[in-house]
Amino acid sequence: MAGAAEDVRLLFGAGVRAALEAWPALQIAVENGFGGVHSQEKAEWLGGAVEDYFIANADLELEEIEDFLGELMTTEFDTVVEDGSLPQVSQQLQTMFHHFQKGDGAALQEMTSHINQKKCKVTATPLKTAKETDVAEDDVDSVEEMEVTATNDGATTDGVCPQSQPSDPDSQTIKEEDIVEDGWTIVRRKK
């Protein structure tokens, strides 16, 4: 009987780690080193800490799980999660823990494989600017763009968020189109 309980505990731990590894907020924090030079080690430690938290507290409410995860992200990765993913990840973990408490290893295994199939790798890389592509600087203003790539099951989706292009870079006066609705003024560099 102890062997079956140990197997279910291992499945629960694997499920917790899969849920955390699939969490885009944690992926971005680790990839960009928000937790310092040891961000990857902190992410691995986080899986064990969350697992131990559930084992030590058998009757956790969803809000308690959200608070715990949010606090860990803030203290360990200096990251405030505001993308709405915290309740989703907390719900997944709570569901896994209920399966663990029932000893339902098959459901844990199914949830873990489902999470692994849906896992999306999130990366952010800068695109080349006009300078880097050998276009004369007089012809085109340098515009920085960020390409966000998400991969799922080997498929890649690219999204580019371009900045608006200036209409007349030689103009030294403020035009009406340079003043946006919220009162900000677009400042352009001199040639």
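Mentor: The discussion below concerns aromatic ring pairs in this predicted model.

Trainee: How many aromatic pairs are there?

Mentor: The count comes to 7 aromatic pairs.

Trainee: Why is the pair of Phe 12 and Phe 54 called edge-to-face?

Mentor: The ring centres of Phe 12 and Phe 54 are 5.9 Å apart, and pairing requires centres within 6.5 Å. Their planes stand at 85°, and an angle over 60 degrees counts as edge-to-face. The pair is therefore edge-to-face.

Trainee: What makes this a pair that ties together parts of the chain?

Mentor: Phe 12 belongs to helix α1 (residues 2-21), whereas Phe 54 belongs to helix α3 (residues 39-56), so the pair ties together parts 42 residues apart in sequence.

Trainee: Are Phe 12 and Phe 54 buried or exposed?

Mentor: Buried means under 20% relative accessible area. Phe 12 has 0% and Phe 54 has 1%, so Phe 12 is buried and Phe 54 counts as buried too.

Trainee: Which residues do ring pairs link into a cluster?

Mentor: The cluster consists of Phe 12, Tyr 53, Phe 54, Phe 68, Phe 97 and Phe 100.

Methods. Residues are numbered from 1 along each chain as its sequence is written. This is a predicted model: local features need pLDDT of at least 70, side-chain atom pairs count only at pLDDT 80 or more; totals for chains, interfaces and linings use all residues. Side-chain values use heavy atoms; hydrogens and water are left out. Rings of Phe, Tyr and Trp (its six-membered ring) pair if their centres lie within 6.5 Å; planes under 30 degrees apart count as stacked, over 60 as edge-to-face and the rest as tilted. Helices (H or I, at least four residues) and strands (E, at least two) are DSSP runs, numbered from the N terminus. Buried means under 20% relative accessible area, exposed over 50%, partly exposed in between (1.4 Å probe, protein chains only).
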